Amino acid sequence: MANIIIRPDWHIPESEATPEGVYRNRRKFLKESGFLGAAALMAQACSPKQDSVDPAALIVTDEKLATTYNNFYEFTTSKTKVVDLVGDFQIDPWMVEVGGLCEHPRAVTSADLIKEYGEEERIYRFRCVEAWAMTVPWNGFPLSKIIEAAKPKSDAKFVRFVTANNPEEMPGIAKRPNYPWPYTEGLTLEEAMHDLTFVATGMYGKPMPKQNGAPIRLVVPWKYGYKSIKSIVAIEFVSQQPKTLWNTLSAREYPFESNVEPHVPHPRWSQETHRMLGSRQRVKTLLYNGYADQVAKLYKA
């Protein structure tokens, strides 16, 4: 009897998240190996309904595109040139401070976090506030594992995150002295504890590239991309809503919550559609980036 793997309801099945040629080759291998029946049964039992999701949004983005088109202002404002400027960025060893209002503060290396919590792969849709998007297979673990180990105190209501601030390695910092460096972001504790909130340590089955936020970053798939802070050096539990870099620069354009809500336009453009990397076509943006069934309850009054 075949083993049935129970997938969470946000899971994007491989048949809908892999380029057709790769998927067909895998199916051929399974058929020749005698496993096609079991695989088909598992897919039928575990695949969520994706009727409302445009098929273009479920194709895994080409790895070269996803790793050479990046926002990382600490290096440059040019998305295509970040990859050329990260060579001097030192990521090993990498310390992460976990502290604030918690019972068990600690300093731990990113390598030790991976050893402690392991890694799994999750395919998530990723939506930038600038109305472009990609679909990426991330490696990592739920943020909740760090939080549970830290044991936040009762007055901890938010989690504050801090990016590395190394001007000698990050040339973009000096070019924007008016920015409130270091880059900071935040979530409510409830958002941070949600199973979808992911600490990513790699992508495409490989360690995280520097330009994508190595060695450890956040991925919050129902929020605009700037909430998914890169190259994390500190995780702090606080009682008040923390200041964040983009919200400080322009609260009207970058509110603290920053959920993907297509009916709420950015002050300078519509959010109803977006462009998938590698395509010129516009794709309909879904509420909470397609994760409404999982996270809408967080925002009910």
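**Salt bridges, sheet and core**

A network of salt bridges links E120, R122 and D195. The model is predicted. R122 belongs to strand β3 (residues 120-127), whereas D195 sits in the loop between α8 (189-193) and β7 (198-203), so the pair ties together parts 73 residues apart in sequence. R122 is buried, at 4% relative accessible area. D195 is partly exposed, at 37%.

In total, nine salt bridges are counted. Another of them joins the side chains of R160 and E236, with an N to O distance of 3.2 Å. This pair links distant parts of the chain: R160 is in strand β5 (residues 158-163) and E236 in strand β10 (residues 232-238), 76 residues apart. R160 is partly exposed, with 26% relative accessibility. E236 is also partly exposed, with 30%.

E253 and R268 form a salt bridge with closest N and O atoms 2.7 Å apart. Both residues lie in the loop between α9 (245-249) and β11 (273-276), so the bridge ties together parts 15 residues apart in sequence. E253 counts as buried at 16% relative accessibility. R268 is exposed at 54%.

The protein contains ten helices and twelve strands. Five strands make up an open sheet of mixed pairing, in the order β2-β1-β10-β5-β6. β2 (106-109) and β6 (184-188) are the edge strands; each has a single partner, so one side of each lacks a neighbour in the sheet. On average, neighbouring strands are turned by 20° against each other, direction ignored. β1 (residues 95-100) and β2 run antiparallel and are joined by four bridges. E97 has A107 in β2 as its bridge partner. Helix α5 (residues 110-117) lies across β1 and β2, at about 90° to β2.

The largest nonpolar core has 69 residues; W138, L143, I146, F161, L218 and F237 touch the most other members. Strand β4 (residues 132-142) contributes the largest share, five residues. Beyond its neighbours within four places in sequence, F161 contacts residues including L143, L218, I229, I232, A234 and I235. Its contacts also include the run T184, E185, G186 and L187.

Across the protein, buried residues make up 50% of the 301 residues. Of the contacts with a separation of 6 or more, 71% are between residues 24 or more positions apart.

Technical notes:
Residues numbered from 1 in each chain as written. Predicted model: local features only at pLDDT ≥ 70, side-chain atom pairs only at ≥ 80, totals over all residues. Heavy atoms only, no water. Helix = DSSP H or I, 4+ residues; strand = E, 2+ residues; numbered from the N terminus. Buried < 20%, exposed > 50% of the residue type's maximum accessible area, 1.4 Å probe, protein only. Contact = heavy atoms within 4.5 Å. Pairing = 2+ DSSP bridges. Axes fitted to C-alpha atoms, helices over the stretch in contact; angles between N-to-C directions. Core = buried A, V, L, I, M, F, W, Y, C linked by side-chain atoms within 4.5 Å. Salt bridge = Lys/Arg side-chain N within 4 Å of Asp/Glu carboxyl O.
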